[in-house]
Amino acid sequence: MPGDAERHRALVNVFGETARLAGFGHVITPIFEDLGVFKRLGESTDVVNKEMYDFVAKDGNHYALRPELTASVVRAFVQHRPAVPWKVWYEGPQFRYERPQAGRYRQFFQIGVEALGTDDPALDAEVIALAWHFYAALGLRNITLLLNSLGDPTCRPAYLVALTDYFDTRRTELSEQSQHTLQVNPLRVLDSKRPQDQAIIDEAPVMVDHLSPETGEHFAGVRSVLDRLEVPYDISPRLVRGLDYYTRTTFEFASHALDGAQNALGGGGRYDALASDLGGPETPGIGFALGVDRILLACDAEGVFPAGAEVADVFIIDVTGGTEAAVLQRTMQSAGIASQRAYDARSMKAQFRAADKSGAQIAVVIGDDEVASGTITIRPLMGENRDQVTVDSATLVDELQTRLSTSG
Ligand code: HAM
């Protein structure tokens, strides 16, 4: 509805401006794409297996509503081959068939960035810091940045063996679901929130202890730039993300102001193999997506970034029948002054009542006398001095702009 929608748009505008200043161009990708694009998110993930809205269209092709944007953006990169580094930001609705609850919806809105073409650790830090400073710009304070490295193809396989061996020794203690997950993707067992699994997970080997020298150095590079940028983080060695494309740096932003299950305000990481998986040249990439719906819930909980009521500057009162109001509205629009009016040739009294309710600062009144003399009457609706003045209609816009700028 309008108040909330204005707030949503204002948030997206703050994000777009933050990203633009950091050198990110805007990219727009389709709402639905070939199912194959999204299968790259991982056949064993819930997003692909359980949550995709997919359908066979009249052309016989299998499509899906996008559950996220990284795969689409990388698909666009592979298709158009722009020069690298390619840095883009995006916004839009995503679709996941989940059980709806506060902060978890089937259609939800994300903002995010993707940056392809270099694995410079400074880029990882730049991307993470961008999200961090965006939250701060909204006024959010109760956020923790959780940081991890998920290794790469040189070191993750050995870690997976160690992890599987460990879980195998404690298999019978794990929940039934985690025993099943273990067979498909041992890493995802670390993501279990079931109480029964927690003690076992807490003692599991962690990827950061198994990083190859190069991956370890990369991770240290990311951390040192974050330190230099004064972005605080917690190393979270059991952080795994719900999508399979991640390599090396991964991160999530958790709000302390929201309920545990829905407290992830955003997350992201590197996906150095995704472009080649989608048929393009090997191109490293990193990005994040933030959930707008949840960020707004966190803003409510922290009492920041309030919804601004969209109020008109001026209310037009026309007691000649209504046509003059139509002309004045057009004049206001082209002068950048927001106006409202009444309809149905209502009485002057009724129109003034509507003007008072509207929240507008000034009423402009046009009646037969004003039409005859080429003037308009201005009456302040707020403040101490509510005396009305009559001005030449040619000077109306100037007069209003002066009054509106001085009233702030
Ligand atoms: P994700 O963690 O699946 O990552 O989603 C990012 C954020 O979207 C979440 O932290 C959450 O705030 C929001 N979100 C996810 N599902 C829902 C839902 N059902 N209702 C409301 N909000 C939701 C990604 O989507 C990756 N594409 C991020 C990324 C970009 N990685 C690299 N680049």
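**Figure 1. Overall architecture of the chain.** The secondary structure of the chain amounts to 16 helices and 16 strands, taken as DSSP runs (H or I over at least four residues for helices, E over at least two for strands) and numbered from the N terminus. The model is a predicted one, in which local features need pLDDT of at least 70 and side-chain atom pairs count only at pLDDT 80 or more, whereas totals for chains, interfaces and linings use all residues. Residues are numbered from 1 along each chain as its sequence is written, and side-chain values use heavy atoms, with hydrogens and water left out. The C-alpha trace spans about 90 × 50 × 45 Å along its principal axes. Of the 408 residues, 50% count as buried, that is, under 20% relative accessible area with a 1.4 Å probe and protein chains only, while exposed means over 50% and partly exposed lies in between.

Figure 2. Eight strands form an open sheet with mixed pairing, in the order β1-β5-β6-β11-β10-β9-β7-β8; two strands pair if DSSP finds at least two bridges between them. At the edges lie β1 (25-26) and β8 (234-235), each of which pairs on one side only. Strand β1 runs parallel to β5 (residues 86-95), and two bridges join them. Histidine 26 has tryptophan 89 of β5 as its bridge partner. Helix α1 (residues 2-21) lies across β5, β6 (107-116) and β11 (285-291), and runs at about 5 degrees to β6. Axes are lines fitted to C-alpha atoms, for helices over the stretch in contact, and angles run from 0 to 180 degrees between N-to-C directions; contact means heavy atoms within 4.5 Å.

Figure 3. Strands β12 (residues 314-318) and β13 run parallel and are joined by three bridges; arginine 341 in β13 is the bridge partner of isoleucine 316.

**Figure 4. Close-up of the two faces of helix α7.** Ser178, Thr181 and Leu182 are buried in α7 (residues 176-184). Viewed down the helix axis, the buried residues fall within an arc of 110 degrees, so they line one face of α7; the arc is that of the directions from the helix axis to the C-beta atoms. These buried residues pack against α6 (156-169), α8 (186-189) and α9 (195-202). The face turned away from the buried side carries the exposed residues Glu176, His180 and Gln183.

Figure 5. Glutamate 230 is found in the loop between α10 (213-228) and β8. This residue is exposed, with a relative accessible area of 68%. Its C-alpha atom is separated by 50 Å from that of alanine 355, which is 125 residues apart from glutamate 230 along the chain.
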